[in-house]
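Visitor: I have a model open and would like to walk through it with you. Could we begin with the pockets and then move on to the helices?

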Amino acid sequence: MEDYKIVDLYWERKEKAIAETEKKYGKMLHSLSYSLLSSHEDAEECVNDTYLGAWNTMPDARPMYLGPFLSKITRRLSIDRWRRDHREKRGGVDSIVEELTECIPDDNTPAAEYQRGLLRGELNAFLGTLSEEKRAVFVRRYFYAQPVGIIAKEMGIGEAKVKVVLHRLREQLKLRLEACDLL
């Protein structure tokens, strides 16, 4: 079923919307959540919470692209779940976030919220300048939280190349954000 038809079902408050969402995006969402949590049970809970989140959010939003809309919800829920379950431990999602801390500061003030909006726009513009391969590496690592080894294997390139590409992209992003006074 086409995304706009599924969104229409949500707007009409028909339960079939969830069934169609699961049918079209369930495996992708589960894979995303599992890559962050490494637990099928926790991933399943996050995916189910995604459907609830979509159900509750849909009257206010009418997403043009349902897949990314749902992925964003699943990713947020999975990261929150991981942080809750691993407050004392290091590594995993936190280590991925730490890779970007020199490019993207972590601050929770109202001014920082405004800055994040500007940062989001600049990040999207930065991604638009990258080749398809570099953009895929960046998004797989920093949005989908995939390990370097999996990125390399699935893209058919060496781990060393993935690490170098990520390092160079972080440096480019940092310079770009400094030039825009966003750091």
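Visitor: Which residues line the second largest pocket?
Guide: The second largest pocket is lined by Met28, Ser31, Leu32, Ser35, Tyr144, Gln146, Pro147, Ile150 and Glu154. This is a predicted model, in which local features need pLDDT of at least 70 and side-chain atom pairs count only at pLDDT 80 or more, while totals for chains, interfaces and linings use all residues. Residues are numbered from 1 along each chain as its sequence is written, and side-chain values use heavy atoms, with hydrogens and water left out.

Visitor: What counts as a pocket here?
Guide: On a 1 Å grid over the protein atoms alone, a pocket is an open set of points with protein on both sides within 12 Å along at least five of seven lines, whereas a cavity is a set where a 1.4 Å probe fits but cannot get out; lining residues have an atom within 4 Å of a point.

Visitor: And what volume does the second largest pocket have?
Guide: Its volume is about 170 Å³, taken as the space filled by probe spheres set on the points, with grid points joined across faces, edges and corners.

Visitor: Which helix gives the most to that lining?
Guide: H2 does, with four residues. Helix H2 (16–37) and helix H8 (148–155) each supply at least two residues of the lining; helices here are DSSP runs of H or I with at least four residues, strands are runs of E with at least two, and both are numbered from the N terminus.

Visitor: How many helices and strands does the chain have?
Guide: The chain has nine helices and zero strands. Buried residues make up 38% of its 183 residues, where buried means under 20% relative accessible area, exposed means over 50%, and partly exposed lies in between, using a 1.4 Å probe and protein chains only.

Visitor: Back to H8 then: which of its residues are buried?
Guide: In H8, Val148, Ile151 and Ala152 are buried. They cover an arc of only 95° around the axis, which puts them on the same side of H8; the arc is that of the directions from the helix axis to the C-beta atoms. On the other side of H8, Lys153 and Glu154 are exposed, and Glu154 is also one of the residues lining the second largest pocket.

Visitor: How far is isoleucine 151 from valine 162?
Guide: The two are eleven residues apart in sequence and 7.4 Å apart in space, C-alpha to C-alpha. Isoleucine 151 counts as buried, at 0% relative accessibility, and Val162 is among the buried residues of H9.

Visitor: What about the rest of H9, which residues there are buried?
Guide: The buried residues of H9 are Val162, Val165, Leu166, Leu169, Arg170, Leu173 and Leu177. They cover an arc of only 135° around the axis, which puts them on the same side of H9. On the other side of H9, Ala160, Lys163, Arg168, Leu175 and Ala179 are exposed.

Visitor: What span should H9 have, and how far apart are its ends?
Guide: At 1.5 Å a residue, the 21 residues of helix H9 (residues 159–179) should span 30 Å, and its end C-alpha atoms are 30 Å apart, which agrees. The expected span is 1.5 Å times one less than the number of residues.

Visitor: Changing topic, how many aromatic pairs are there?
Guide: The structure holds four aromatic pairs. In one of them, the rings of phenylalanine 126 and phenylalanine 138 have their centres 6.1 Å apart and their planes at 70°, so the pair is edge-to-face. Rings of Phe, Tyr and Trp (its six-membered ring) pair if their centres lie within 6.5 Å, and planes under 30 degrees apart count as stacked, over 60 as edge-to-face and the rest as tilted.

Visitor: Where do those two phenylalanines sit?
Guide: Phenylalanine 126 is in helix H6 (residues 110–129) and phenylalanine 138 in helix H7 (residues 132–142), twelve residues apart. Phenylalanine 126 is buried, with a relative accessible area of 3%, and phenylalanine 138 also counts as buried, at 4%. Ring pairs link Phe126, Phe138 and Tyr142 into a cluster.

Visitor: Last one: what is phi of alanine 145, and where does that residue lie?
Guide: Phi of alanine 145 is near 55°, a positive value in a residue other than glycine. Alanine 145 lies in the loop between H7 and H8 and is buried, with a relative accessible area of 11%.
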